[in-house]
Every structure is written in C-alpha cells, then in structure tokens.
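User: I have a structure here that I would like to go through with you. Could you take me through it step by step?
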Amino acid sequence: MSRDGYTGFSRGEARTRTARTLSFENVGALGKLAKLPWGFVLLIVAMALTGVAMLYSSAHTNPDESNLWYLQLTRFGMSFVLMLVLALLPLSLWRTLAIPAYAFTIVLLILVEVMGVSGGGAQRWLQIGPVAVQPSEFAKLATTMALAWYYDRVITPTSGRILIHIGALVIMLIPAALIFKQPDFGTTLALVASGGVVIFLAGLSLRVILFGVIAGIAAVPGIYFVLADYQRERVDTFLAQMSGESTNALGESYQIEQGLIAIGGGGFNGKGWLQGIQSQQDYVPEQHTDFILTVIGEEFGFLGTTTLLLGFAVILGWAFYSASQSQSWFGRLASAGAAATVAFYIVFNVGMVIGLLPVVGMPLPLISYGGTAMLTTMACFGLILSAHMHRDEKLSSTGLI
Amino acid sequence: MKSKRSIEDDFSRRMVLAAGAGGVVWAGLVARLFQLQVLEREKYQAAAEENHIRLALAPPQRGRILDRFGKPLASHRRAGRVSIVPEQAKDPAGTLAQIAAQIDLPDDRIEKITREITASRRRNAGFVPVIVANELTYEDFARMNVHAAEIPGIQVEMALTRSYPRGRDLAHVLGYVARASQDDLTRLSTGMVEDEAIRLEKLFRHPDMRTGRQGMERFAEEWLRGKPGFRKLVTNAHGRVIEEIPDEKFAPVAGKDLYVTIDSELQRAAIERFGDESGAAVVLDIETGDVLAMVSTPAFDPNDFVNGISGAAYAELRDNPRSPLYPRAHGGVYPPGSTFKMVVATAALESGAVKPTDRVNCNGYYHFGNRTWHCWKKGGHGSMDMHNGIKHSCDVYFYETARRTGVEKIAATARKFGFGEAWTLGMTGARGGLVPDAEWKQRVMGEPWYEGETLNFGIGQGQLGVTPLQLALMTARIANEGRSFKPKLVGLGPKSDGDGVLDAPLDAEIMQRMKAGMFGVTSEGGGTAYRSGDLGLGGPRLAGKTGTAQVRRITKAERDKGVRKGVDIERELRDHALFVAYAPTDDPKYAISVVVEHGEGGSSTAAPLARDILHFALKNDSRRKAVYGKTASITPAGAGEPT
C-alpha cells in the first residue's frame with residue numbers, strides 16, 4: 001500500500017526532516033545513537049534508579065531480600081541495552097517482526113495453558129531453563145505491534161468502514177482470551193485497554209465505542225461469575241472498602257489498609273529514605289513488587305508520589321507527542337499503543353495501591369521488582385524510540401515485505 | 001465516506017482526546033494522593049504509630065535472699081532454654097520432632113507444649129514464645145545452638161532462673177518459687193481492687209515470673225518481687241520484635257534483696273554433722289535473737305520446684321518415710337522430755353512452791369494415787385536438791401516438784417518461755433505445739449485434769465509438744481539470764497513476728513540457777529552429758545540438758561525384762577534424742593537445740609552433735625556483725641524497738 005497520496009506528507013517541513021534522517025543513516029549506529037532523544041532516555045534512567053533505591057529501602061532489612069536492589073539494577077542495565085538496540089532497529093523491521101512476535105506469543109500462551117507453572121492461584125508462568133517467564137507480559141507489546149501492523153495494512157485514505165476493525169478485534173481478543181483463562185484478569189484488562197486505545201486511534205466510530213462500553217458494563221456481572229475465587233474476593237474486598245464496610249484485616253483489605261497507612265502516614269514531605277515505619281517493618285505485603293508505591297509514599301510523601309507521576313506523565317506525554325509526529329500508521333499506532341500499555345500499567349498499579357481500583361496484581365513500570373515487566377516496559381520504550389527515530393519514514397509496505 | 005484529510009485530522013483529534021483522557025486520569029490519581037497524604041495524613045500517621053509500638057510487660061528481677069554475711073542463698077542462674085515461637089513455626093509438630101531428635105523430650109511434655117502453642121496462637125497470634133525445655137545441660141544447649149538455624153521457629157537462649165546455690169541446706173527456711181497457680185493468684189490478689197488483680201494476673205502469666213510458694217520466698221513475696229515495667233517494642237507486621245526503644249521511665253524495678261540472720265556456713269556444718277540422721281537443730285544468738293542456723297534434715301532441693309516439679313518426683317518426696325518436706329525445726333512438734341525440766345524448776349521457784357535446797361529422795365520410782373512412776377535410773381538417785389535434780393535429770397525429783405508447783409504454774413511459765421506459740425519468723429509451716437492445762441483439757445477432751453498428768457508434764461512428756469525452735473529460744477533466755485527476747489530470722493526485710501521483744505521477763509537469779517544446773521549436766525561428775533562438755537577449743541565449755549522423747553509407751557512387761565534398746569527395736573519406734581545447750585559457759589553467746597529423731601539417747605547422739613555445731617559456731621564466729629547493718633541487741637522488756 002502506498003502512502004504517496006498523503007497530503008500531510010507533502011508539507012515542505014516533512015520533506016526536510018526525511019532528508020536529515022536519511023543522512024544520519026549513513027553515519028551508522030553511533031550517529032543514530034547520538035540522535036536519540038537523550039532527555040527522554042535519561043528520564044527513564046532516573047526513574048529506574050529511583051526504583052532501585054526504593055527497592056533497597058523496602059528489602060534491605062530482610063536478609064533474604066537484601067540483594068534484590070542489585071539484581072534489579074543488573075536487570076535494568078540489561079534491559080536498557082536492549083532498549084537502545086531496539087531503538088536503533090528500523091521501524092520497517094519492527095513491522096516485519098510484528099506478526100512473528102505475535103504468533104510466537106500466542107504459542108507461548110498456549111504452552112502456558114498446557115504446561116505452565118502455577119503461582120498465586122493462577123497458571124501464568126512458563127519455565128524455560130532457569131528462567132520463569134510470564135508470556136502474558138510480552139503479549140501486551142506483541143498485540144500492540146500486531147494491531148499496528150494490521151491497521152498499517154488496511155487503513156486507506158478512504159477507509160473509515162467499521163468492518164476493518166473486526167480484524168483488529170480478533171487480533172486483540174485471541175491473546176486476551178488466553179490470558180483471561182490463566183486466569184489473569186488484570187493483564188487481560190490492561191491488554192484490552194491498550195489494544196482499545198490503538199483501535200480508538202485507528203478511527204473506530206465513536207458510536208460503536210460507546211456501544212462497546214455500555215455492553216462491557218452490562219457484562220460486568222457476568223464476568224464476576226467467571227472470575228476465579230481469589231479474584232472475586234478481591235473485587236468483594238474492593239467493593240466493601242468502597243462502601244466503607246470493614247473486612248477481614250488479614251485478607252486483601254489488610255494489604256490495602258496497610259498500604260494506605262504507609263502512604264497516608266508519609267504526609268506531605270515523607271519520612272525520609274529508609275525511615276518509613278511501615279516500609280521498614282514489612283507491614284505491606286508485596287511492597288517490593290506491586291506495592292512499591294507505598295514505600296515511595298511513606299518515605300517521600302506527597303512530593304515524592306506526585307514527582308513520580310509527573311515523571312511518568314512527561315515520559316508518556318512525550319511518547320504520545322512523538323507518536324503523533326510519525327508519518328506511518330505503523331509508527332503512530334505502535335508507538336501510541338506502547339505508550340498506552342505503559343500508561344495502563346501505571347494507572348492500574350497506582351489506582352490499586354491507593355484504593356481506587358481492586359487489587360489486580362500489576363507492577364509499577366520501572367520501579368517494581370520483577371524481570372518480565374521490566375523487559376516489557378523497556379521494549380515498549382524501545383519501540384517508541386524507534387518510531388521516533390524513524391518518524392519521517394513512510395514505510396512503503398510493498399518494498400519491505 | 002470520509003476524505004483523506006479527515007482521516008488524518010481524525011487521528012490527530014483522537015490523539016489529543018486520548019492524551020486529555022490520560023491527563024484527567026492522572027489528575028484523579030494526584031487528587032487521591034492529595035487526599036491521603038495531605039488532607040488525611042494525621043489519621044494515617046496515628047494508625048502507623050499504633051501499628052508498630054507494642055508495650056510488652058517486662059517482669060522485674062526478683063530480689064535475692066542473702067545470709068547474714070551476704071552469701072547468696074537464693075539468686076539467679078543463667079540457664080539454657082529452648083522455646084518455640086508459634087508464629088514462626090509453621091509446623092509445630094515437625095519442629096518439636098526436630099527438637100526431640102536433639103534433646104530428651106518426653107511424649108507427655110510434647111503434648112503439653114502442643115496445647116500451649118495452640119493457646120498462644122489464639123491469645124496473641126503466636127509471637128510470644130512457648131518454652132519447650134528449660135535447664136538445658138551444657139551439652140544440650142550447645143547442640144541446640146548448633147541446630148537452631150535448621151529448625152524453623154525456635155529460640156535458643158540463656159534466661160535467668162531462680163536458683164538456690166545452697167541446695168537442700170535451707171529448703172525449709174527459704175521455701176521456693178514456682179509459676180503462680182490459680183490458688184496463688186487468688187491468695188496474692190486478696191484485698192486488691194479488680195484492676196490491680198488483673199494486672200497481677202497478667203504479670204504472673206509471663207513465663208519468667210515466679211511467686212514464692214513456701215518459706216521466706218512466700219513471706220517476703222512483695223519485698224522480693226519488685227515492680228514490673230514495660231519494654232517499648234517496635235514490632236513488624238507479624239508481631240515480631242524488630243527493635244526495642246530503651247526508655248528508663250518504663251524500666252522494671254528489681255525486687256529488694258532480703259537478708260536473713262542465718263550463717264550459711266554454720267548451717268552447712270550442722271547439716272553435715274547430722275549425716276544420715278533425721279532431725280532438727282536451731283542455733284540462736286543469745287544477745288540479738290538472731291537465728292544463726294535452722295536445720296531440718298533430710299530436706300528437699302528447692303531448685304527442683306522452680307520450673308515445676310514432676311508428679312513422680314513430688315510423690316517420691318511426699319511418700320519418703322523420712323519426710324523431707326517436713327519442716328522439723330519450726331514445724332516439728334516433739335515431747336521435750338527432760339529438756340523441759342528447767343521450765344518446771346523455774347515455775348517451782350517463781351511460784352515459791354519449792355526452794356532450791358528442798359530435797360527429794362529418789363528410789364527409782366514414785367507412787368502417786370494407785371500408780372507408780374519410774375525414774376529413768378533403775379535403783380534411783382538418792383537424795384536430790386534442785387541442782388542435782390537437773391544435773392542427774394532425776395525424774396522422781398521432778399515428779400515431786402511438778403506436783404507441788406501445779407499444772408497451771410508450769411503452763412504459765414512455759415508460755416513465758418515462748419512455748420505454745422507458733423514462731424513463723426517469716427517461714428511457712430510453723431507450729432506452736434501444745435502447752436496443756438486444765439482449761440485446755442476440759443475444752444478439747446471434755447475431761448478434768450488429773451493430777452497424775454502433772455507428773456508426766458514435770459518430765460516433759462504427756463500432751464506437751466514443743467518445736468526445736470522453741471527449745472532453742474528457751475535455752476537462749478536461760479543463757480542470757482531472762483532478758484526479753486524474740487527469735488529473729490529476717491535480717492533486712494519485711495516485718496515478721498520475730499521483730500521486737502518478748503514482753504515476758506524471767507527472773508535473773510532463777511535463770512542463774514538453771515545455768516548452774518545445766519553446767520552441772522556437762523561439766524560435773526555425774527552429769528548426764530559429762531562427756532560432751534568440752535568444746536574442744538582448749539577451754540570454752542558448753543552447758544546443756546539432755547532429753548529423751550518417748551515415741552511409744554514402755555510396757556510393764558518390757559520394764560520388767562529390761563527396756564530394750566537400739567538395734568532390738570524398729571527404728572521408727574526408738575525414742576527421739578534431744579539436747580539443748582549454750583556456750584561458752586563463762587560468757588554465753590550461742591544457744592542450741594538439737595533433736596535427733598529416733599536417736600535413742602540425748603547424751604549419746606544429740607549432745608555430741610550439739611557440741612560440734614557450737615564448736616563450729618564459736619570457731620567461725622557466726623554471730624559477728626552482719627553485713628546488712630547493726631542489729632539491735634536486746635533491751636529490757638518493753639523498751640525494745642523493732643528493727
């Protein structure tokens with residue numbers, strides 16, 4: 001499919017940019033690296049290092065966990081290199097890899113179903129040699145890429161028909177269904193949400209979206225009954241908490257309560273690094289993974305949490321802006337979808353920790369301890385960066401496939 | 001159909017919409033954080049504080065009990081102990097099995113611990129340790145320490161345990177401590193308001209708390225206990241202690257040390273001298289009334305009771321024919337036999353019924369009414385005055401003297417000496433014995449007093465019952481020539497009935513006569529304990545009086561055949577041997593009473609024992625100044641001042 005007819009591309013400004021980009025390609029990888037938006041990259045590094053510091057604070061008192069910060073730092077280092085490599089990949093290669101990656105992820109998800117390792121009431125881990133991976137994490141990025149690839153193929157200047165979105169829906173719902181079956185409600189929701197953003201940006205009629213949302217709300221009671229027991233318990237806890245009912249202090253609500261005490265107890269300024277009472281004494285379960293925000297909240301207060309959210313907002317805002325600058329549908333949608341994926345991680349995690357959402361088991365990107373999430377997040381940034389580097393490419397599909 | 005341009009514009013518009021929606025969500029998150037961290041921060045800060053500070057009861061360290069020279073009689077010993085923290089031991093049965101693989105742990109003990117673990121979980125979520133084994137041997141403690149890391153949820157530690165370094169020596173004086181039972185709590189909380197009682201119960205539930213069950217430990221409970229404090233503990237979410245915030249304000253106040261007047265070296269020497277014999281001995285300082293030794297042997301080891309004695313071990317003590325639990329010195333009631341003769345003589349002289357020079361002829365028997373009373377010496381002593389009557393312990397002389405004096409006078413004098421009164425001095429198990437008289441007999445037996453009984457009374461037999469402590473008190477008052485006197489066991493501690501003076505002066509001149517008689521017993525030819533008079537210190541002698549307490553009645557047939565002695569009769573049917581004495585004779589310092597149960601003869605077994613104990617007391621200077629400060633020496637009756 002050709003993009004030649006695009007009026008937007010015919011602007012003089014765009015042409016100059018294209019020329020500049022092309023000249024840098026000749027300089028090679030190093031020159032390309034120098035061309036990276038380093039402000040964005042350094043912000044990511046700063047956020048990740050903050051996460052390592054918080055991890056140290058959260059786990060250093062426990063001998064079993066005292067070296068987690070170091071592990072996390074190592075992982076971040078490796079993921080960072082991966083991000084840079086991914087950033088340098090031509091966007092066309094990303095597009096080429098979209099379908100293989102998607103297919104591979106679906107295979108992994110099926111394998112999880114067949115021979116996965118259970119943990120925390122769900123079967124979502126796949127043991128590959130010494131490492132346990134969580135294919136559902138990769139599925140988010142792979143699905144985004146697949147959706148971008150799909151729209152890149154089907155959107156024509158004259159398209160606008162509702163029917164083209166059915167294919168996108170299928171691409172999104174296959175992994176969603178597999179993940180839901182594990183069961184992993186949170187990841188399913190995140191995947192559908194970020195996929196939904198891509199579909200929305202691709203132009204699905206607002207009326208249809210409105211209808212979909214209403215149908216979704218109507219389906220909520222139905223979903224409630226297909227949830228696993230522990231998931232239903234979480235929803236119950238959440239509803240009870242919302243309505244002010246007291247619940248079993250040692251169950252899910254205990255975690256939320258202790259988390260709220262930590263965050264609220266931090267006050268405006270926070271208690272200082274390593275000084276959090278709740279954090280240092282293990283009051284909040286999973287405080288080094290999903291509930292790491294409680295440590296930040298307690299030790300750095302409102303200033304810390306808002307600065308963190310501001311940091312994320314800058315990263316995501318820039319990513320969105322960068323996506324809007326892309327000349328290819330693949331670049332636009334993949335980049336925006338990747339940003340949306342990270343954004344939903346953040347919203348679900350923060351919303352859960354501060355008691356606005358049920359506990360869904362979602363890590364805080366760049367901050368929470370955990371390898372797979374770190375890898376996915378950094379890969380998303382890699383994709384965003386690649387789209388940014390190649391924003392002026394029109395990606396003639398005929399030439400590449 | 002939309003135009004090309006409109007698709008591009010639509011995309012841009014939708015990007016802005018999506019970003020705007022994200023912004024709204026972000027603002028929502030920040031608003032919620034603002035609510036939590038700024039608007040409601042005080043509520044959460046209070047909750048956090050409440051969350052992690054726990055005030056744990058800190059039991060006070062119990063005061064020690066020391067002898068007059070500051071030697072510890074009851075103190076603390078570090079003992080290895082293993083406990084389980086139920087919260088950390090996910091599988092208590094497995095943990096117990098692992099412990100049992102290292103140290104000896106009987107099945108019934110395991111059962112008991114399992115129940116305690118369940119209770120602990122219910123009460124406090126299981127972070128308060130449950131003791132598995134106390135008093136580990138060094139080897140067990142070392143082994144447990146090595147394996148502690150592999151066994152989940154256990155604590156191997158050194159703890160302070162009440163200890164009685166002198167073992168059995170002072171068992172009946174000190175008593176022992178034990179975990180407070182419901183009975184103990186009821187007793188201790190008598191008269192308390194409900195709050196106080198609840199606090200007390202909580203305190204005693206602490207695994208390190210003990211309460212005095214017997215003896216001085218019980219008597220001085222409050223003096224020794226101290227005041228509990230609190231430990232400000234920072235706990236984590238599981239209740240596990242993370243750190244302790246030191247706070248002087250909350251520190252427990254240790255109990256006060258209690259001093260007793262005992263010289264533990266003298267006590268030890270006396271017990272060793274008793275050897276396998278059972279009996280009692282009491283040594284008093286005749287100037288101050290200090291009890292320097294109070295022997296009751298055999299005894300039990302109070303250390304066995306501290307952590308709870310097993311049923312079998314207790315049954316063994318209880319059923320032992322030698323009765324080690326029996327506090328003979330202050331709770332053993334014996335007929336005083338001839339040691340009572342000084343009381344009879346004193347009563348006779350006080351009442352004027354007999355003059356010292358009045359003579360009684362002894363043919364070996366005494367007729368009264370239609371019965372015949374015998375003198376211990378077949379064939380009799382011949383003509384006896386009071387001095388000789390005491391010296392030879394002539395029964396006939398005292399039949400006559402008692403008859404002339406009358407039961408009421410003798411009983412009154414006996415009470416003046418301190419008989420009939422239970423001197424607890426802060427100990428448990430004290431008994432007063434019995435000083436019989438006509439009123440008592442009418443009241444208790446519903447019969448009038450027969451004059452024949454007065455004759456038995458005259459030689460310290462019949463219903464009369466005294467304790468070795470009372471005998472020592474009597475002897476001390478003779479030795480100090482009648483000055484007012486109360487025996488005293490608490491040197492520095494709470495007031496006991498041994499404080500102050502006895503408002504019952506005795507006539508000095510009469511007491512001098514008694515002393516002369518007792519001197520005759522041990523130092524003049526014909527005295528019943530002539531051989532025991534020399535203290536073996538190259539000069540100082542003792543003055544004393546023998547006594548034999550009949551355990552059974554001698555039948556006519558036996559008397560005709562000749563009274564059987566020694567090995568011929570069962571041990572438990574043999575007479576008790578008694579001896580009372582003071583020393584040195586020229587400047588009396590110590591008074592002693594000795595009872596050797598089934599020892600047959602006062603002169604043969606009890607007197608040499610008393611001599612050796614006094615020998616030690618003099619050599620060791622047991623009455624020298626006590627470390628706890630000046631002891632008030634006795635002053636005339638009425639002028640006494642409690643110390």
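Predicted model: local features only at pLDDT ≥ 70, side-chain atom pairs only at ≥ 80, totals over all residues.

User: Among contacts in chain A between residues at least 6 apart in sequence, what share joins residues at least 24 apart?
Analyst: The share is 75%, counted among chain A contacts whose residues are at least 6 apart in sequence.

User: And how many helices and strands are there in chain A?
Analyst: Chain A has 16 helices and three strands. Of its 401 residues, 55% are buried.

User: Let us move to the two chains together. How many residues of chain A are in contact with chain B?
Analyst: On the chain A side there are 54 such residues, and they meet 37 residues of chain B. The area buried between chain A and chain B is about 3800 Å², and carbon and sulfur atoms give 70% of that area.

User: How many salt bridges and polar contacts are there between them?
Analyst: The count of salt bridges between chain A and chain B is zero. Eleven residue pairs, both at pLDDT 80 or more, are in polar contact between the two chains.

User: Which helix of chain A gives the most to the side that touches chain B?
Analyst: That is α13(A), with twelve residues. The residues on this side of chain A divide into 30 nonpolar, 20 polar and four charged.

User: Is B:C362 buried or exposed?
Analyst: B:C362 is buried, because its relative accessibility is 2% and the cut-off for buried is under 20%. A:C380 is buried as well, with a relative accessible area of 0%.

User: Which backbone oxygen lies 3.0 Å from a polar atom of its side chain?
Analyst: The backbone oxygen of B:P324 lies at that distance from the side chain of B:H172. Leaving aside neighbours within four places in sequence, the residues in contact with B:H172 include B:P324, B:Y326, B:H330 and B:M427.

Terms used: Residues numbered from 1 in each chain as written. Chains lettered and ligands numbered in written order. Heavy atoms only, no water. Buried < 20%, exposed > 50% of the residue type's maximum accessible area, 1.4 Å probe, protein only. Contact = heavy atoms within 4.5 Å. Buried area = accessible area lost by both parts, 1.4 Å probe. Salt bridge = Lys/Arg side-chain N within 4 Å of Asp/Glu carboxyl O. Polar contact = N/O pair within 3.5 Å; in protein donor to acceptor, adjacent residues only side chain to side chain. Helix = DSSP H or I, 4+ residues; strand = E, 2+ residues; numbered from the N terminus. Nonpolar A, V, L, I, M, F, W, Y, C, P; charged D, E, K, R; others polar.
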